Each structure stands twice: as structure tokens, then as C-alpha cells.
Amino acid sequence: MEGLSFFVGVIGNIISVTVVLSPIKTFLRIVKHRSTEDFESFPYVIALLGTSLWCYYGVIKPGGFILATTNGLGIIIELVYVTLFIIYAPLRVRAKTAIYLGILNVAVPAIVILITLFTMHGDLRIDVLGFVCAGLSIVMYGSPLVVVKRVLTTKSVEYMPFLLSFFFFLNGGIWTVYAILVKDFFLGVPNGIGFLLGTAQMVLYAMYWKSKPSQNISEELEDGWQHKHLIPENSSED
């Protein structure tokens, strides 16, 4: 059983790295088009928060070196994603992303680190931080669902990154299996929920992946303006 759990754990670590790398295709598109289009920044902001706190958890937890280093790499990659998003986002989206960063990537980590460092000790500190990280994992797994309304409205998954959702699905599934093997309740609950959320995202893809991609909103507005102002409805030939 120990050999099986170790093997599953190794697979889980590999998939965790692919989760962090999965948005590369999305950001290559953003850089190529020099626009974030209708993509959302929230999944990457929450992923940055998650990797930051899991890295801290790995630092304070005995034997957490691999966890700390893996998430340390994740911090660097997520910072690159968020930076690119801010560079190419329109002003309104850039401002919203900056607010997300200020609250979720500055204020929240500072509060968590200060409280756990100066008011808690030993196992209590590790357990409390573990609960916080588990909660963040659930939010992270569900973060691609922020575009569900757009998916249902347009019947298109163009702006719901497939690879991110797919690897969230795999990651939740493999770590749920690992948690069952090692009987770790705290690891199993967030990843089990993550697996269900990932399944929901895969169902959306199965429903709408063949649908025609939605047009860019700004193009739709421009076309509507031209039709209204340049081609009057009641125009007639002299």
C-alpha cells in the first residue's frame, strides 16, 4: 500500500506542475493579440495566492521541502501570468485585477502570515494554515467557473481555458485517490470537491465545445453602432 501511495503521490506532483503550466497557450494568445480579450484574471490571481500560502505551509511543516519548492516555482510562473495580464488588459480590467492583487496577494497573505507566526505555535499553526490552504484549493478549483455565465449565454467555451480546467480535473482526481490511500481527510475533502468542480467544467465543454466561438464584445458593439447610425432602419431610395 505504501508503494502504491508513493507512486500516486509522484503522479500527483507531476500533474500539479502541469496545472501551473497549463495556461501557457492562453497567454501566448494574449501576447500574440496584445489583448486579454474576454479572459478573466481571477483564476490566475487566486492561483498565485494558493501557491504562496502552500509554499509557506511547506516551509513551516516538517518534511515539507518538496511542497515548498514546487509551490515556489508556481509563484514565479503565476507572477509572470498576472504581469502579462495586467500589461495587455484594457484599463477597466487592469484596475479590477489590481484590486484583486492588492486584496488577495498582498493583504490576505500578510494577515495569514502575521497571525500564524505571532499568535500560534507548533501543530496548531500547521493545522490552521492547512485549513486555510484547503479552503483556497476549493476556490482555486472552482475559479474557471467565473465565466460560466458567459459560456451559458454565448453557448461557447472560447474564454474558458480548457487545459486549466482539464488539469484541475485530473489534479483533483489523483489527489483524492492519494488521500484515500493515506487516509488524509484534510487532503481528501478539498481535492474531492475540486474533482467534482472539474467534472462540472468538463461537462460544460462536452455540451458547448462544438459551438461557434463568440465574437469579441467590442466588435459586436461596433457592428451594432454602424448598423444603427450608418444604415438607418427607415431609409428609402429617392
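The following legends describe close-up views of a predicted model.

**Figure 1. Overall helical architecture of the protein chain.** The protein chain contains 10 helices and zero strands. Read from the N terminus, its elements follow the order α-α-α-α-α-α-α-α-α-α. Of the 238 residues in the protein chain, 42% are buried. Among contacts in the protein chain with a separation of 6 or more, 77% join residues 24 or more positions apart. The protein chain exposes about 13,700 Å², and carbon and sulfur atoms supply 70% of this area.

**Figure 2. The largest nonpolar core.** This core comprises 38 residues, of which Ile46 and Phe85 touch the most other members. Two or more residues are contributed by each of α1 (2–21), α2 (24–33), α3 (42–60), α4 (65–88), α5 (91–119), α6 (122–142) and α8 (162–182). Helix α3 gives the most to the core, with nine residues. In soluble globular proteins, nonpolar side chains tend to be buried together.

Figure 3. When residues up to four places away in sequence are not counted, Ile46 touches Leu104, Leu136, Val139, Met140 and Ser143.

**Figure 4. Helix α4 and its buried residues.** Helix α4 has 24 residues. The distance from its first C-alpha to its last is 35 Å, close to the 34 Å expected at 1.5 Å a residue. The buried residues of α4 are Ala68, Asn71, Gly74, Ile77, Glu78, Tyr81, Val82, Phe85 and Tyr88.

Figure 5. Asn71 lies in helix α4. Asn71 counts as buried because its relative accessibility is 12%, whereas the limit for a buried residue is under 20%. Leaving aside neighbours within four places in sequence, Asn71 is in contact with Thr51, Trp54 and Cys55.

**Figure 6. A nonpolar patch on the surface.** The patch is formed by Phe131, Phe185, Phe186, Val189 and Ile193. Together these residues have about 510 Å² of accessible area. Helix α9 (residues 185–208) supplies the largest share of the patch, four residues. Phe186 is found in this helix, α9.

Technical notes. Residues numbered from 1 in each chain as written. Predicted model: local features only at pLDDT ≥ 70, side-chain atom pairs only at ≥ 80, totals over all residues. Heavy atoms only, no water. Patch = residues over 30% accessible without salt bridge, like charges linked within 9 Å, V, L, I, M, F, W, Y side chains within 5 Å. Areas by Shrake-Rupley, 256 points an atom, 1.4 Å probe, with all protein chains shown as cover. Salt bridge = Lys/Arg side-chain N within 4 Å of Asp/Glu carboxyl O. Core = buried A, V, L, I, M, F, W, Y, C linked by side-chain atoms within 4.5 Å. Buried < 20%, exposed > 50% of the residue type's maximum accessible area, 1.4 Å probe, protein only. Contact = heavy atoms within 4.5 Å. Expected span 1.5 Å × (residues − 1).
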